[in-house]
Structure formats: C-alpha cells, structure tokens
Amino acid sequence: MKWNDKMNTRVRHDGPSPRPRLRLGGAVAALATLAVALPAAAHPGHPDGGFTAGLLHPLTGLDHLLALLAVGLWSRQQRHGAVLPPAFLVMMAFGAACAAAGFALPALETSIAATVLLLGTLVACAPGLQRRLPPQVAVVVVGGCAFLHGVAHGQELAGMASGAGFLAASALVMLLGALPGERVRRMAGAAIGAAGLCLLAGVV
Ligand SMILES: [Zn+2]
C-alpha cells in the first residue's frame, strides 16, 4: 500500500500540515492580536482592581502579551511542553501572592522585558535545541519568568477579582500561542525576541 506509506510518512514528520488552513488561521489570530496590541504602550501600568481591568491588562500590556504568546508557542516545541502554560499560571499567581504579602523586586520592568527577550529567543532557536533541553529546565525558566510577571501584578493590580481576570486572559493568550505551525512559531519567536530587545532598550 504505497499510498498509505506516504500518508504515514507525512504524519510522522513535522513537515507541511495536513490541515494548513487551521495553522494559517492560528497564525492570523496571533498576528491580529499583535496588531491590536502594538499601538498600546509597552506597559500602561496597573489600574486598580476589578475583573475587567485584570482581564484587559495582559492584552494591552505588550510585555505581558508577548511573554504569554512565547510560552504558548514554546509549549508546542518543547518536550512535555504542555506543562508550561499551567506552570506559568501557577507561578504567576504565586508571584502575585508574594507581592501582595510585601515582597518587592528592584528593576522589575527591566526584568520583565528580559523575560520577553529570553522566551522569544528560545522559541526562535532550532527545535533541535529545545528537544534536547530537559523539561525540568523549561519549567524552571517559564516559572521564573511567570514569577516576575506575577510580582508586577501583585504590587499594583490589587484584589482577587483582577487576579482572576488576569489569569483567565493569560490562559487564553497562551492557548492562542499554541495554534500556529512550526514555521510561524519560529518567525513569531524571532519577532518576540526582537521586541524584547526593544523593550529592554526602552525604545517601545
Ligand atoms: Zn503589568
């Protein structure tokens, strides 16, 4: 059955998708999100409380949005990557709780910009590198980044309602990041890494 062999080969390889429309749709969705977010300030600050304020914040803050997209993208490339988005949510909530209890970090905005550069670079790198990276290391990297984002939120976005909104929006953006195919993933990773550099340099 030559035809079957051909189909199996296609399924095994991470080559052209059998459903290119779906992948294209994911890429378009991700790019549309970026386009909506780009005119926004790098970080409009943390308005006070409320579910809606929490929900909107990661969508209007470029640094959060790009880091979340990168985690979603990476979750499809890294071995056992499915644990990365939940790890991000847990560690972000932990960071917010620590900050609410009085924990503070210097140069937090700079650190958060660095997480965008780091995560974007990891996504852009050859998938071969990521397959060799132990899942535990990936969880520690993502958890560390998430903790920083959480501390920023705990400091200024007070209240359980806004925290719940922020977690919901974050989960949604990471899900969106998991949609595109590998070629789009790597390009998006490079773009996110470059944006992280701009954020670090204070250009955006
Ligand atoms: Zn923020």
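A: Leucine 108 counts as partly exposed, because it has 15 C-beta neighbours inside 10 Å. The cut-offs are these: a residue with 20 or more other C-beta atoms within 10 Å of its own is buried, one with 12 or fewer is exposed, and anything in between is partly exposed, with C-beta atoms placed from the backbone. This is a predicted model, in which local features need pLDDT of at least 70 and side-chain atom pairs count only at pLDDT 80 or more, while totals for chains, interfaces and linings use all residues. Residues are numbered from 1 along each chain as its sequence is written.

Leucine 108 belongs to helix α6. Helices are DSSP runs of H or I with at least four residues, strands are runs of E with at least two, and both are numbered from the N terminus. Not counting residues up to four places away in sequence, leucine 108 touches Leu148, Val151 and Ala152. Two residues are in contact if their C-beta atoms, placed from the backbone, lie within 7 Å. Leucine 108 and leucine 148 are 40 residues apart in sequence, yet their C-alpha atoms are 7.2 Å apart in space.

Next comes alanine 107. This residue lies in the loop between α5 and α6, and with 9 C-beta neighbours inside 10 Å it counts as exposed. Alanine 107 is not a glycine, but its phi is positive, at about 50 degrees. Most residues other than glycine have a negative phi. Histidine 80 is another non-glycine residue with a positive phi, near 55 degrees. Histidine 80 is in the loop between α4 and α5, and its 12 C-beta neighbours inside 10 Å make it exposed.

Alanine 146 is in helix α8. With 27 C-beta neighbours inside 10 Å, alanine 146 counts as buried. Apart from neighbours within four places in sequence, alanine 146 is in contact with Ala87, Phe88, Met91, Met92 and Gly95.

A nonpolar core is a set of buried Ala, Val, Leu, Ile, Met, Phe, Trp, Tyr and Cys residues joined through C-beta atoms within 7 Å. The largest one here has 45 residues, and Ala70, Val71, Phe88 and Leu119 touch the most other members. Two or more residues come from each of α4 (62-77), α5 (84-100), α6 (108-124), α8 (135-156), α9 (160-177) and α10 (182-201). Helix α4 gives the largest share of this core, 10 residues. In soluble globular proteins, nonpolar side chains tend to be buried together. Alanine 70, leaving aside neighbours within four places in sequence, is in contact with Leu119, Gly120, Val123, Gly177, Gly189 and Ile192.

Helix α4 also meets α3 (residues 51-60), and the two axes come within 5 Å and cross at roughly 80 degrees. The axes are lines fitted to C-alpha atoms, for helices over the stretch in contact, and angles run from 0 to 180 degrees between N-to-C directions. Angles under 35 degrees count as roughly parallel, over 145 as roughly antiparallel, 65 to 115 as roughly perpendicular and the rest as oblique. Helices α3 and α4 are therefore roughly perpendicular to each other. His57, Pro58 and Leu59 in α3 meet His64, Leu65 and Leu68 in α4. By class, this contact has 4 nonpolar, 2 polar and no charged residues. Here Ala, Val, Leu, Ile, Met, Phe, Trp, Tyr, Cys and Pro count as nonpolar, Asp, Glu, Lys and Arg as charged, and the others, Gly among them, as polar.

In α3, the buried residues are Gly54, His57 and Pro58. They cover an arc of only 80 degrees around the axis, so they are on the same side of α3; the arc is that of the directions from the helix axis to the C-beta atoms. These buried residues pack against α4 and α9.

Finally, the whole chain. The protein chain has 10 helices and 0 strands. Of its 204 residues, 37% count as buried. Among contacts between residues at least 6 apart in sequence, 85% join residues at least 24 apart.
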